[in-house]
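Have the sequence and the structure open side by side.

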Amino acid sequence: MNKKPKKGLFIRFNSITIIAVYFLILVGGIVRSTGSGMGCPDWPKCFGSYIPPTSEADLPDDYQDQYAEKRIQKNEKLAQLVKSLGFSGLARDIRKGKNVTETHSFNFARTWTEYINRLIGVVVGFLIIICTVLSYSFIHSKKSIFFLSLAALALVIFQGWIGSIVVSTNLLPGMITFHMILAIGLIALLLQVRVKAAAADVEGLLSYKPYKVRRLLIICMLLFFAQIVMGTQVREAIDSIAYILGEDQRYAWIENLGIIFYMHRSYSLLLLAIHIYLIYRLTKSIQDFSTSKYLVWGLVSLVVLEIFTGVVLAYFAMPYFIQPVHLLLALMIFGIQYFLYLIIKDKEESTQELSNG
């Protein structure tokens, strides 16, 4: 006799995990905005210990050179692996990147900011392990839930490895963007698991008249995904400019950005227009608007807030506290888009099965 899936418990842990991932993204944004990415010059330990020091006096005199040398050795092994896979250009960047051999002095605030970020990452990892274990109870009823949960676990492990490369290469441009793309993939997997596990619960959120909004949602997701990637590249460009100009010239960072910034800024107007149209189509497609208005209006509100925070960043010298919020809002928008898409897809497939039956 098959055991009944622990649906309620699994959904609760899935929800907690999704929230924890978003919180980790927020903290990661704080790490970036405060320049704490190299607060711990090694990985997975921090200054050679699982609990970092509180003072530079606790470290040996030549600690900067020691950790720089360890990174160089690790990068050489990584470069050889990457080159063997056919990525000679990336291997060269790993070996000869302008910041790869840079040394880093101990800074209490930056070290502990990065350390807390890593601790939260460990918590997320354990939550996903728990979700994977619980998902096994669906193996006989909905196998896809187990395999998607297993894929999420594999992605987190891979994400951790990429995180170690980000540290060893001293925030190599391109690696940070890839790190962000993996985070988006993790959110997508967790949301897909949620919809499959709670299909009966989410079905009533949206009741559709025969309007085609699924394709429009796909277009919105693709366009917004491109905007997120572009924004990450803007952030990488800012890191390079900040390294050259320094904090004293913070007000001049934006004006020294290239065309990628202006593309990112102008592109937001297109996104606003298409999302307004999406909201119009969704409101026309929903019979019982009271049960889904929070998703629909939440989406348009987040898009407006995202543009507003972008304006603040551009015209007020990139305030520290706005940068992580801007990133978090972007991924929340993507999450709602994908959640709506999954519900619509599930609804359409259920309707087709009934009509075929």
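Where is Arg-281 found? Arg-281 is in helix 9, which covers residues 259–285. Keep in mind that this is a predicted model. Arg-281 counts as buried because its relative accessible area is 17%, and the cut-off for buried is under 20%. Its side chain has a partner: a polar contact of 2.9 Å joins Arg-281 to the side chain of Tyr-277.

**The chain as a whole**

The chain has 11 helices and zero strands. Read along the sequence, the pattern is therefore α-α-α-α-α-α-α-α-α-α-α. There are 357 residues, and 47% of them count as buried. Take the contacts between residues at least 6 apart in sequence: 79% of these join residues at least 24 apart.

Helix 4 runs over residues 108–135.

Is Thr-111 buried or exposed? Thr-111 is buried, because its relative accessible area is 0%. The side chain of Thr-111 reaches the backbone oxygen of Gly-39 at 2.8 Å. Leaving out residues up to four places away in sequence, Thr-111 touches Gly-39, Cys-40, Cys-46, Phe-47, Pro-52 and Phe-106.

Ser-135 also has a relative accessible area of 0%, so Ser-135 is buried. Its side chain reaches the backbone oxygen of Thr-132 at 2.6 Å. Beyond its neighbours within four places in sequence, Ser-135 is in contact with Phe-10, Ile-145, Phe-146 and Ser-149. Ser-149 is 14 residues from Ser-135 along the chain, and their C-alpha atoms are separated by 6.8 Å.

| Side chain of | Reaches | Distance |
|---|---|---|
| Arg-281 | side chain of Tyr-277 | 2.9 Å |
| Thr-111 | backbone oxygen of Gly-39 | 2.8 Å |
| Ser-135 | backbone oxygen of Thr-132 | 2.6 Å |

**A cis peptide bond**

Most residues other than glycine have a negative phi, and most peptide bonds are trans. The peptide bond from Trp-43 to Pro-44 is cis, with omega near 5 degrees. Pro-44 lies in the loop between helix 1 (7–33) and helix 2 (63–84).

**The cavity**

How many cavities of 30 Å³ or more are counted? The count is one. The largest cavity holds about 40 Å³ of space. Its lining consists of Pro-41, Phe-47, Tyr-63, Gln-64, Tyr-67, Ala-68, Arg-71, Thr-103 and His-104. These divide into five nonpolar, three polar and one charged. Phe-47 is one of the lining residues, and Phe-47 is also among the residues that Thr-111 touches.

Helix 8 covers residues 214–245, which makes 32 residues. From its first C-alpha to its last, helix 8 reaches 46 Å, close to the 46 Å expected at 1.5 Å a residue. Just after helix 8, Gly-246 takes a positive phi of about 85 degrees.

Helix 10 covers residues 293–315 and has 23 residues.

An α-helix has 3.6 residues a turn, so residues three or four places apart point the same way. With that in mind, trace the buried residues of helix 10: Leu-295, Val-296, Leu-299, Val-300, Leu-302, Val-303, Glu-306, Thr-309, Val-312, Leu-313 and Ala-314.

**After helix 10**

The loop between helix 10 and helix 11 (322–356) holds Ala-317. Met-318 is placed in the loop between helix 10 and helix 11 too. Ala-317 has a positive phi of about 60 degrees although it is not a glycine. Met-318 is not a glycine either, and has a positive phi of about 50 degrees.

Is Met-318 buried or exposed? Met-318 counts as buried because its relative accessibility is 4%. Ala-317, at a relative accessible area of 26%, is partly exposed.

Conventions. Residues numbered from 1 in each chain as written. Predicted model: local features only at pLDDT ≥ 70, side-chain atom pairs only at ≥ 80, totals over all residues. Heavy atoms only, no water. 1 Å grid on protein atoms, 1.4 Å probe; cavity = no way out; pocket = protein on both sides within 12 Å on 5 of 7 lines; lining within 4 Å. Points joined across faces, edges and corners; volume = space filled by probe spheres on them. Nonpolar A, V, L, I, M, F, W, Y, C, P; charged D, E, K, R; others polar. Helix = DSSP H or I, 4+ residues; strand = E, 2+ residues; numbered from the N terminus. Expected span 1.5 Å × (residues − 1). Buried < 20%, exposed > 50% of the residue type's maximum accessible area, 1.4 Å probe, protein only. Polar contact = N/O pair within 3.5 Å; in protein donor to acceptor, adjacent residues only side chain to side chain. Contact = heavy atoms within 4.5 Å.
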